[in-house]
Amino acid sequence: AFAYFGQDSKIRTPTEIRWPSRIHMGNWVSLGRHAKILMQTDFSGSIAMVRQHYPDVEHHFDPHIYGIRNPHLKIGDGSSLGDYCYISCANLIDIGKHITFSARLFITDSNHLYDHPNLPIILQSNTMGEPVIIGDHSWIGINCCLLEGAKIGKHCIVTANSVVTIPIPDYAVVASNT
């Protein structure tokens, strides 16, 4: 069950959603086909994997980094996420109202750590993350990536194939390939 699932919202299948209880989906939200939403709630499993597969590698497992997380995803009223969107949330992703996302979108509020050169990156935790905030009434083009710390103002356009990592002011047009 979702934290909130709004009136007339729809999820097209096939779709994979982990930990929907941490997701607030507003009214009239549309989630496209082949979507994947991962709520990154627990990184403690990495510790056992490292100890089993790399017992000779010394590593300090900071419980703050390699522990339980409390991620939240909010999708505002009237927003539409296209097919093949992928959202990975370890902190906070806040999507405003009436946002249009084209297909093949990637949003994440954290990144893989790669602090320890003797361990595979897949066995290292994620960063604690920086929230991703998307203001009301924006349009995000096809094949875009919104990464840790991205803050997009209201009424913005992010053109196709763009990567956003920094704050974008209200009413801006972002084209990372200009």
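Modeller: Glu16, Arg18 and Lys36 are joined in a network of salt bridges, a salt bridge being a side-chain nitrogen of Lys or Arg within 4 Å of a carboxyl oxygen of Asp or Glu. The model is predicted, so local features need pLDDT of at least 70 and side-chain atom pairs count only at pLDDT 80 or more, while totals for chains, interfaces and linings use all residues. Residues are numbered from 1 along each chain as its sequence is written, and side-chain values use heavy atoms, with hydrogens and water left out.

The structure holds two salt bridges. In one, the side chain of Glu16 meets that of Arg18 at 2.8 Å, N to O. In the other, the side chains of Glu16 and Lys36 meet at 3.8 Å, N to O. Glu16 lies in strand β3 (residues 15-18) and Lys36 in strand β6 (residues 35-39), so this pair ties together parts that are 20 residues apart in sequence. Strands (E, at least two residues) are DSSP runs, numbered from the N terminus.

Glu16 is partly exposed, with a relative accessible area of 29%; here buried means under 20%, exposed over 50%, and partly exposed in between, with a 1.4 Å probe and protein chains only. Arg18, at 45%, is partly exposed, and Lys36 counts as partly exposed at 25%.

A pocket is defined on a 1 Å grid over the protein atoms alone, as an open set of points where a 1.4 Å probe fits, with protein on both sides within 12 Å along at least five of seven lines; lining residues have an atom within 4 Å of a point. Grid points are joined across faces, edges and corners, and a volume is the space filled by probe spheres set on the points.

The largest pocket has a volume of about 310 Å³. It is lined by 17 residues, of which Leu38, Gln40, Tyr86, Ser88 and Asn126 are the closest to its centre. Two or more lining residues come from each of β6, β9 (86-89) and β12 (106-108), and β6 gives the largest share, three residues. This lining divides into six nonpolar, eight polar and three charged residues, where Ala, Val, Leu, Ile, Met, Phe, Trp, Tyr, Cys and Pro count as nonpolar, Asp, Glu, Lys and Arg as charged, and the others, Gly among them, as polar.

The second largest pocket has a volume of about 170 Å³. Its lining includes Gln40, Asp42, Phe43, His112 and Asn126, and divides into four nonpolar, seven polar and one charged.

Conventions: Helices (H or I, at least four residues) and strands (E, at least two) are DSSP runs, numbered from the N terminus.
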